[in-house]
Amino acid sequence: MNFKKLLLVTLLGISISHTTLAQRVQMDKIVATVNEGVILQSEVNQIIARVKEQAKQQSTELPSDKTLRVQAIDRLVDQSLMLQLAERMGMEISDSQLDQTISNIAKDQNVTIADLRRSVEASGESFQAYREELRKEITIGQVRRANVDRRIYISTQEVANLQKILEQQTGTPEEYDVGHILVKIPNKASPEEIQDARERADNVMEFLNDGKEFKRIAIASSSGPKALEGGQLGWMSINEMPSLFAEAIKGQKKDAIVGPVRSGAGFHILKVQDIRGREVVETTEVRSRHILIKPSIILSEEKARDMLSGFATKLRAGEADFAELAKEHSEDPGSALKGGEYDWTDPTTYVPAFKNTLLSLDKNEISEPFRSTFGWHIVQLLDTRTADKTDQAKLSRAHGLLFNRKFKEESFKWQREIREQAHIDVFPTE
C-alpha cells in the first residue's frame, strides 16, 4: 500500500469514527442537568422499560410515554441529587457490602445467587447493571437516613403517650395498605394555580370513583415519591402515618377513596386498599450454659478444641460437673462465676455460630466443640420457653411508629429543601 492509499484509509477511518461518535451522542443525548450532573436519554429509557415490564407482569395499564418520561426524569433528578450528596459526604458502598445485600435478596426469595442472576438477565437487564442500580439504591438509602435521622427527636413522653393510646385500643390495632396520589402545588403558588391543582385533584377523584385503576392513575398523575410504583405506600397503622393521612383514613373501610386532602405540598388522594390486624408478640427464649476457651500463643486452636472435647466426654459420662468446669476453665467473664450459665435470652441476640449450635440441641444436650468469633465453646441447652413480649413490643412499636411517622414527614421536607437549593434544567423534547 503506497502513502496516498494509506493516508486515504486513515482519513476515512477518522471520518467513520467521528460519524459513529456523533450517532452515539445523538442516540444518548442529555435530557436534563442537575447542578453539575447530567441525565441521559438512555437512563430515562431504562426506567420506562423497567416500569413497562413490571406493568406487563402485573397486567397494569400505563399512561402515555410522554407521562412516563416526565415521571422518569423526576425520579432521576432526585436520584442525581442524592448521589451528588453522597459523593460530597464521601459515602461509598463496597463490593463486599453489595455482595452481602445480593446474597440476602436471594435468600429472601428462597433462590440461589445464580438463580437470581438468571432471572435478572431473563428480564433483559445485565447482572452488572442490576448490581450498580442496587448500589445506587443502597447509597441513596444511607444518604437519606444520615440526613433525616438527625432531624428527628422523640421524647420519652411522646412514647408514653402513644403507648397509652395503644393500650386503650380495643382488639388488635389495625394496619392499612395505603395507595397515595399527590397533585402538587408549586412553591409560592398563585390562587389560580391552587385552583387549577384542586380541579385536577377533583378529576382524579372522579376517575377513581368511576372504577379506574389506582396504580395507573398514580403513575400518570401523582407527584408523590412512589408515583412510579403506582403510589403504593405499603402497610401502615394509624399511628405510623403522617398525621394528615391518619386523620383522613381512621375508621375508613377497605377500598375507600379519601380526599382531596390539602397540605403545603398539594392535594393528597388516598385509597384504603386493604386492612389487617396485629397479633400477640411471642418469642422463643432459651436458658443455657457454656464453657469458652480462647486460643493464644501458648494454647493452640487444636489444644483448645481438644480440651473442650475432653470436657464434653466427661460431662456426658457423668464424671464431671459443668458448673465447676466453667468456674475453673471458662474465659467468659460474664458467665464463668455463675457456672457458665446464661439467663433466659432470645437466641437471635447471640453470634450466629453460638445461636445455630444452641438451636440444634435437644434439652440438656451438650454440643461438640465449635468455633465462634470469641473462641472455642461447648454449650448445653438447659431449657426453652415461649415468652410473651407484647408489652415490650408495644414500647418498641410506639417508638418505631413515632420514628416512622416523623421520618416520612422530615424526609419529604428534606427532599424538597435540597431540590429547591439545586439548579435543575429539564430540556423539552424535540
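A residue counts as buried when its relative accessible area is under 20%. In this predicted model, Ser-237 has a relative accessible area of 1% and is therefore buried.

- Ser-237 belongs to strand β4, which spans residues 232-237.
- Beyond its neighbours within four places in sequence, Ser-237 is in contact with Glu-174, Glu-175, Arg-397 and Leu-401.
- Glu-410 lies in helix α14, which covers residues 390-421.
- The relative accessible area of Glu-410 is 17%, so this residue is buried as well.
- Apart from neighbours within four places in sequence, the contacts of Glu-410 are Val-148, Arg-151 and Ile-152.

**The three-stranded sheet**

- Strands β2, β1 and β11 form an open sheet in the order β2-β1-β11, and their pairing is antiparallel.
- The edges are taken by β2 (37-40) and β11 (424-426); each has a single partner strand, so one side of each is left without a neighbour in the sheet.
- From one strand to the next, the twist averages 20 degrees.
- Strand β1 (residues 30-34) is joined to β11 by three bridges, and the two run antiparallel.
- Ala-32 stands opposite Val-426 of β11.
- Helix α2 packs on this sheet, where it touches β1 and β2, and its direction makes about 50 degrees with that of β2.
- Helix α3 lies across β1, β2 and β11 and runs at about 40 degrees to β1.

**The α2 and α3 helix pair**

- Helix α2 (residues 41-58) and helix α3 (residues 65-89) have axes that come within 9 Å and cross at roughly 115 degrees.
- At that angle, α2 is roughly perpendicular to α3.
- The crossing in which α2 passes α3 is right-handed.
- On the α2 side, the residues that meet α3 are Gln-41, Glu-43, Val-44, Ile-47, Ile-48, Val-51 and Lys-52.
- Their counterparts in α3 are Asp-65, Leu-68, Arg-69, Ala-72, Ile-73, Arg-75 and Leu-76.
- By class, the residues of this contact comprise eight nonpolar, one polar and five charged.

**The four-stranded sheet**

- A further open sheet has four strands in the order β8-β7-β10-β9, with antiparallel pairing.
- Its edge strands are β8 (341-345) and β9 (370-371), each of which pairs on one side only.
- Strand β7 (residues 282-293) and β8 run antiparallel and are joined by three bridges.
- Arg-289 has Glu-341 in β8 as its bridge partner.
- Helix α13 (residues 352-359) packs on the sheet and touches β7, β8, β9 and β10, with its direction at about 70 degrees to that of β10.
- Helix α12 (residues 322-329) lies across β7 and β10 (376-388), and runs at about 60 degrees to β7.

**Helix α9 and its cover**

- Helix α9 spans residues 214-221, and Phe-214, Ile-217, Ala-218 and Ile-219 are buried in it.
- The elements covering these buried residues include α3, β3 (174-184), α8 (191-209), β4 and β6 (266-277).

Conventions:
Residues are numbered from 1 along each chain as its sequence is written. This is a predicted model: local features need pLDDT of at least 70, side-chain atom pairs count only at pLDDT 80 or more; totals for chains, interfaces and linings use all residues. Side-chain values use heavy atoms; hydrogens and water are left out. Buried means under 20% relative accessible area, exposed over 50%, partly exposed in between (1.4 Å probe, protein chains only). Contact means heavy atoms within 4.5 Å. Two strands pair if DSSP finds at least two bridges between them. Axes are lines fitted to C-alpha atoms, for helices over the stretch in contact, and angles run from 0 to 180 degrees between N-to-C directions. Angles under 35 degrees count as roughly parallel, over 145 as roughly antiparallel, 65 to 115 as roughly perpendicular and the rest as oblique. A crossing is left-handed if the near helix is turned anticlockwise from the far one by less than a right angle, and right-handed if clockwise. Ala, Val, Leu, Ile, Met, Phe, Trp, Tyr, Cys and Pro count as nonpolar, Asp, Glu, Lys and Arg as charged, and the others, Gly among them, as polar.
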